[in-house]
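These are my notebook entries on one structure. I record what I looked up, entry by entry.

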Amino acid sequence: MAAVLEVRDLQVRFATPDGEVSAVNGVSFDVNESECVGIVGESGSGKSQLFMAVMGLLAKNGRTLGSAKYRGTELVGMPVDKLNKIRGDKIAMIFQDSMTGLTPHLRIGRQMTEVLEEHKGMGGADARARALDMLNLVRIPEAARRLNQYPHELSGGMRQRVMIAMALLCEPELLIADEPTTALDVTVQAQILELMADLKRVTKAAVVLITHDLGTVAGLCDKVQVMYGGRFMETGDVRQIFYKPQHPYTKGLLSSMPRLTEDRRTTLYAIPGQPPNLQRLPAGCPFQERCEFVHQRCVDELPLLQEARPGQFKACHLESLEHPVDDPTRAAIPAEAMPPVIRDVRTA
Amino acid sequence: MATDITGGTKRAALIEKAGEEVQGRSLWQDAQRRLFANKMAVASMIVLGIITLMAVFADVISPHAYDEVYWDYIGVGPQWENNHWFGTDANGRDLFIRTLYGARVSLMVGIVTTLVALIIGVTYGSIAGYFGGRVDSLMMRVVDVLYSMPLMFFIIILVVVFGRHIVLVFIAIGCVEWLTMARIVRGQTLSVKRKEYIEAARASGVSTPNIIRRHIIPNVIGPVIVFVTLMVPVVILVESFLSFLGLGVQEPMTSWGVLISEGAAQMENAPHMLIFPAVFLAVTLFCFNFIGDGLRDALDPKDR
Amino acid sequence: MLSYAVRRLLEAIPTLLVIVALSFFLMHAAPGGPFDSERVLPPEIEANLKAAYNLDKPVWQQFVIYLGNALQGNFGPSFTYKDFTVSELLGTGFPVSLRLGLTAILLAVIIGCTLGILAAMRQNTRTDYSIMGFAMIGITIPNFVMAPLLTLVFGIYLGMLPVAGWGDGSIQYIILPVVALALPQIAIISRLTRGGMVEVLRSNFVRTAHAKGLPERVIIVRHTLRAALLPVVSYLGPAIAGLVTGSVVIEQIFGLPGIGRYFVQGAINRDYTLVMGTVITYGTLIVLMNLLVDLVYGLLDPRVRYD
């Protein structure tokens, strides 16, 4: 399988009045043809900024280092007019906020046809017909009427469908969906995910699904990459990640998902603490302050991604989660020495 | 689990240190820091301070009296040997001290009138915003109607009809300029009232006075402070405008508007009479605007 | 839309009534009247005069009479310009003021928007800083300072343009007044435009447009401008009021025969009828312009509903 997108040691930094903030700290991965990759992480893990950087959409104070190649063409540092030939055409993106993501003073039809005009040189009736087809594809009721409506006349779910239809207009090879369901009601979320699953079968596009919700990933993706503090913590096949998580963070994420089968009297697990301050990332593992298996090496040395099981990689010094201490001479830090917040959770 | 005391303390120390470094700053500390980082705003504060001090100590600085006529020096340019640093006006009075007396009038009008507008506007706006509903729409309708009127003309009529008394100028301008203040306060109160954190505070049992003190006032006060700083120059301008038309303060008292008006009449043969008061007025307005802009940026960082 | 316009027009009536009433009663609350002049009139003549101007009747009755006449376009005789009716004075003055005002607002919108867009697109560069610096100067230097300075430079030192007067109303006579009148508005409009643009350029839909691979030009023209200019459109109401007020002082400085000068003369001489005539004219103009601005706003923003 050929890679549509190859990312190597990508870093994203923002200049702020309080100093430079590193949102993404060197990640490398491939997205192959027709593959669906899930990027999972909490807010502030850098997952959105990673793809904003790939699309050249970073805020003005942001800069990108490293490499991101679309079919061998370097995207980082590419002049905007060249980049414009690729984004919207070969690589399309769907954003989280469907409420504000569409231009309020332009009709839906216009916002869709302009994409075709730009990339395919299609005009007037052809473009409108194509736009109508796409609206039908994403199952918008009364699609023909919608073309003449303004965004504020549509519901949130419908707007998100419009966003998806708009992204698919040029049959992109890569579709990046940044939390496409977050702003929607739960029932609508389910409908949109179902739609995306269907579309994945119909189109041949590779899909990157950015989300904080592991459940979303389970239904749609082939591969999962778990992000934390601007780094990948664990990557691998979706089944491996779900059934045999190798990283304490992944395990924490999984245990904090509510399950219907579980006894309702047990409290839902929550990973203690907060995501790290990106301005002052610790020297060692970014997850050290919240990890229950933290030991000296985690504080001193940054763990790199390494193959834990065939096809599954983790960035963790632990031998395995079953035997958390990799080196008998370097024992884990005792509960008594920890700040009370963390201790409470552990002894609970 | 085995114990490793050194590792434990190191980790605890590490966490503690991180906690110290990212110690939260309050909104006001943050705003203050940003305001003082704004060079233009700081420079404006200094310049404005100097002008204010000069106005207050005008009689100490200058050897002349503001209404003393020097018959030998009528409408002459700056003279160092006689201490007429800005020259004299068309009646032979020292322009330096008159400019500073003008500063007194302008600054006083600016501040007192803004206070009048502040009191009316905040009271009116917060009542409308707090009660909401029909009271609000009625009260704001009144503001809308007043807004669409040529209010400057009413100020002029007021001043003409009731005589040119300085207090009247305060009241007339204040009565007109409160409208925007009322709108701002009302809008802010209305939006803050509906915010989730107010509901959260209420739900967790915070008393109403505490909610108003801790949550509503701090959130309403920011835009009000900014607006107040931007309103002072507007009021100074209105007073100068009235004085320019000959409707403001009366001789021998003076204000920047009067001086500029006199200067404009003499600009062909004595341009200094126009330039000095005009520069003082412009610089003062500049300063207030820069401070206002600085405050707005400091209090509302997303607007940068 | 049409019913909205009609409704707004109807709503303007009470506003205008308040304007008329307020100016009428304020003028009549004044101690002293138009005949308290230097020489004392014999009582019977004064009584006759007052009867002729209806000044002997109760104030509210005078108001009703005045209102009735004003509706027919009759604002009564002027007390200061004895040979003219107020309507005649307004008739000669209004075209001058209107021409001055319209030219100024047009200039202000065109130049202000252009500068604002330029500054926003070159945000935090030297272009941006110099435009915003210029805007700051325009805002802080009042037009009654700017006008004499402009005359000093272009009229006296350079001798390029006439210092004052209307002449035959040809272009060289209106350049300086229009510039002095428009400068503060140019400054405010350019700041508003820049602010609107900067905000819209940061919005999610502009990000979407970038992600769609649209060229910068299309994004600015099609996706940004309309939303960015909304604050400018809503400012036009106050801008017109500002121009009207400004024109009073500008007409005074340049000695132009507009209604602003009549207003000042009338106010100083307690010429009731003239002051009220000018205030009602200005008031009507401002109210109607505000209405127009609201309608234009609705055309630009599809989210505004007329219900």
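The model is predicted, so I note its limits: local features need pLDDT of at least 70, side-chain atom pairs count only at pLDDT 80 or more, and totals for chains, interfaces and linings use all residues. Residues are numbered from 1 along each chain as its sequence is written, chains are lettered from A and ligands numbered from 1 in the order in which they are written, and side-chain values use heavy atoms, with hydrogens and water left out.

**Entry 1**

I took a salt bridge to be a side-chain nitrogen of Lys or Arg within 4 Å of a carboxyl oxygen of Asp or Glu. Side chains of opposite charge can pair when their charged atoms come close. A search of the whole structure gave me 21 salt bridges over all chains.

I looked up Glu35(A), which pairs with Lys223(A) at 3.5 Å between the closest N and O atoms. This pair links distant parts of the chain, 188 residues apart: Glu35(A) is in the loop between β2 (19–32) and β3 (36–40), and Lys223(A) is in strand β9 (residues 223–228). Helices (H or I, at least four residues) and strands (E, at least two) are DSSP runs, numbered from the N terminus. Is Glu35(A) buried or exposed? I found Glu35(A) buried, at 10% relative accessible area, whereas Lys223(A) is partly exposed at 23%.

I then turned to Glu42(A), which forms a salt bridge with Arg290(A), the closest N and O atoms being 3.1 Å apart. These two residues are 248 residues apart, Glu42(A) in the loop between β3 and α1 (47–55) and Arg290(A) in the loop between α10 (248–255) and α11 (296–300). Arg290(A) is buried, with a relative accessible area of 6%.

Arg145(A) and Glu142(A) also meet in a salt bridge, at 2.9 Å from N to O. Arg145(A) is partly exposed at 42%, and Glu142(A) is partly exposed at 48%.

**Entry 2: backbone angles in chain A**

Most residues other than glycine have a negative phi. I noted that Arg71(A) has a positive phi, near 45°. Arg71(A) sits in the loop between β4 (62–70) and β5 (73–74), and a network of salt bridges links Arg71(A) with Glu33(A) and Glu173(A). For Glu179(A) I also recorded a positive phi near 45°. Glu179(A) lies in the loop between β7 (174–178) and α7 (186–202) and is buried, at 6% relative accessible area.

**Entry 3: a residue of chain B**

Ala31(B) belongs to helix α2 (residues 27–37) of chain B. At 5% relative accessibility, I list Ala31(B) as buried. Leaving out residues up to four places away in sequence, Ala31(B) touches Ala298(B) and Leu299(B), where contact means heavy atoms within 4.5 Å.

**Entry 4: chain C as a whole**

How many helices and strands are there in chain C? I counted 11 helices and zero strands. Buried residues make up 50% of the 307 residues in chain C. The C-alpha trace of chain C spans about 85 × 60 × 30 Å along its principal axes. Among contacts between residues at least 6 apart in sequence, 72% join residues at least 24 apart in chain C.

How values were computed:
Buried < 20%, exposed > 50% of the residue type's maximum accessible area, 1.4 Å probe, protein only.
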